[in-house]
Amino acid sequence: MEASRGGQRGTALAHAARAGGPGFFPFLTKPEDDITLEPLQWRDERPVAQTQNQPWATTPTDITPDASFEPALCPLLVMKFGGTSVAGAEAVRRCASIVRKAQSDRPIVVVSAMGKTTNALLRAANAALESSNVDISEIRKTHEDALEQLGVQMPSSVSDLLAELEKLLNGIALLKEISTQTRDRIVSFGERLSVRAFAAAYNRLRESPEEVEARAIDAWDIGMQTTSGSGSADSAFTSVEILEDASTEISDKLSPLKLHYSHVPIITGYIAKDPKGVITTLGRDGSDLTATVIGAAVKASEVQIWKDVSGVQTTDPRVIASAKPVRILTFEEAAELSTFGAKVVHPAAVLPAWQQGVPMSVRNSMAPDDPGTRIVPQLDDEEKRERRVAAISSKKDITMIVIKSSRMLGQHGFLAHVFSVFNKFAASVDVIATSEVTISLTLDEGYKQVDIHSIERELGKVAKVSVLHDMAMLTLIAPKSDSVGILRASFAVFEDMGINVEMVSHGASNVNVTFVIQGEHLLKASQRLHDTFFGVAELRSAVLELLASTKFPFVHAAYVLGLNGSHYSLDTTAERHYGIPVQLPRLLCNLFKLEVPNTDFTSVRIQKFASAANFGGAHRTLPVNLHTPYFPDAEARGSGAGAREAPASGFQALGWEAIGFISPGWRLAVFKGETRPSPTDFTS
Ligand SMILES: Nc1ncnc2c1ncn2[C@@H]1O[C@H](COP(=O)(O)OP(=O)(O)O)[C@@H](O)[C@H]1O
Ligand SMILES: N[C@@H](CC(=O)OP(=O)(O)O)C(=O)O
């Protein structure tokens, strides 16, 4: 946590947190309730791999060995490298050396297609279909160049695969048709090529013949079997499911490595076969699912998802540059985050690891020493205290359907009928709200093509139906226990921006609040919400930094500024008075606005604790602190006695509403309404 970053600042943050809230204004925040999570089978008896890749892992001595655990069996570590992490020779070499360093943890490696190869394969298939143009030069070049730059001779398996791919595309060009199964077969080449290149790169790094060799493996050869069907070309959706028995077979195939780590398996992500031997895919970004299914099957010490970002960020860093890393998430939070649009892990991938209690992490292959994000069953108490909003995710291309019917009034079966229509057209509903006569719900069109017209026509027989296209969903991953403050702060943002919230889903999940708004507002609203929930920590640090570095020649340091809407009327005296850094009141004011939106407090004042003595009674001060209430009564003011305990009512009688504290020794005074204290109220 940030508290460990430095002396005064650290203490202050820890102190503020202890005072009962995550922010500077603990007197205005409600104490946090516990987050309740689904019960999990947490296998803490398993040995945990111990490497520099897992700085948080418990030491083996912390672990009580399970009597049923075969001592000679050592756990395996699953490491998945996404396409962005293996986009070229340099990237592949970097990842191979990350794996090599983790060798003592017996890694099982899962690799995606290099860079954007899956997209290139889909383009090649379309070109063959639509213009009989067979061209694999882009795909060939990606792999040939990488191997050449790695100083590796082209493995015959790679040239064989390229030849097979070309043949397949020629077939499509000739027949002028492509089934979804054939399309899955075409995209499977991406992963089949990349594991062979990765294994070759790994073996090139080996320094002695004793060092274990890497072996490229197609996932179906270790038992990755699904039902029949196909994956979507452009979304995480797939119609296939991994067969229940797959887990036993995967375990049978890979568990011998626990006893004798004979080779580094480099396994294709994303692809599988059905029982008839037809190639299937797990949906776009499906390699994460391959990794967690393997991790769960072998009860891995951890499943690491290596990407090109330092773990999960507070929001998509490509969209909002000020996104920050999230250090820890619960499985539940990670699952909600990816289901509601964050490209963190494949939406289905968290579940297998969660069910088996196998910890996960999201790491950065460009910065392997960065701890990234840990995904764990539960937060500890301190982490819970610090948690407000963990992250924000969003989805565009959402369709909202509003179904109005008086038939709903007091009737049963109406909802069942509505859902039967969605079922008939295989449309999956995301968010839903109902009233006596209206049902509002959203469909994610980006996820899966849905025949909206037919749904509309069918529902139109029993109700008035409106379809709103181009809607967007903004989801805050935040504990339900803190939802009042979060909803208040979010609505303040929407109100300020004049954005209509069409639908809110809150309470259905322990950890998420979802707003449906018009798509055109998405970017700006995400930015503002992100500033609201994640600008605070930065501001807090900046304020404390300034306070720490400010030498107050006069211990009593004020000043006052307006908080009128977005206009800050910085007090003109601030710069001259008491050496207060000119940016401090503004920072403080911004911080206050973020933490306590919709406030009608009009001024903020900072002061040094118990300062009166230093003035020898020559000034007046109001060192009031709601947590340790002090109040200068009439006699005390100007007496030099400084802080005296007094009832807050006296304070309010002056029209001054509240005072909190910033850090030990510093107080923050906040004044309400039109009362604007004059500097003479504070100084002699
Ligand atoms: N909340 C988030 N945290 C981290 N990355 C995110 C988030 N939302 C979106 N992303 C994006 O996801 C990208 C990584 O996804 P992707 O390119 O599919 O990785 P990979 O190829 O490793 O699976 C990041 O570069 C980042 O821009
Ligand atoms: N190659 C597949 C599967 C995958 O998981 O890729 P990545 O790990 O790069 O998201 C895709 O592009 O969808």
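Helices and strands are runs assigned by DSSP, a helix having at least four residues and a strand at least two, and they are numbered from the N terminus. With that numbering, residue S287 has its place in helix α9, which covers residues 287-297. The model is a predicted one.

Taken as a whole, the chain holds 19 helices and 19 strands, and of its 684 residues 53% count as buried. Among the contacts with a separation of 6 or more, 73% are between residues 24 or more positions apart. The accessible surface of the chain is about 29300 Å², and 50% of that surface belongs to carbon and sulfur atoms.

Consider next helix α3, residues 117-131, whose 15 residues should span 21 Å at 1.5 Å a residue, and whose end C-alpha atoms are 20 Å apart, so the two values agree. Its buried residues include T117, L121, A124 and A128, and the elements that cover the buried residues of α3 include α4, α5 and α6. After α3 comes S132, which has a positive phi near 50 degrees.

To return to S287, is this residue buried or exposed? S287 counts as buried because its relative accessibility is 2%, and the cut-off for buried is under 20%. Beyond its neighbours within four places in sequence, S287 is in contact with residues including K80, V110, E191 and Y270. S112 is also in contact with S287, and the side chains of these two residues are joined by a polar contact of 2.8 Å.

How values were computed
Residues numbered from 1 in each chain as written. Chains lettered and ligands numbered in written order. Predicted model: local features only at pLDDT ≥ 70, side-chain atom pairs only at ≥ 80, totals over all residues. Heavy atoms only, no water. Expected span 1.5 Å × (residues − 1). Buried < 20%, exposed > 50% of the residue type's maximum accessible area, 1.4 Å probe, protein only. Contact = heavy atoms within 4.5 Å. Areas by Shrake-Rupley, 256 points an atom, 1.4 Å probe, with all protein chains shown as cover. Polar contact = N/O pair within 3.5 Å; in protein donor to acceptor, adjacent residues only side chain to side chain.
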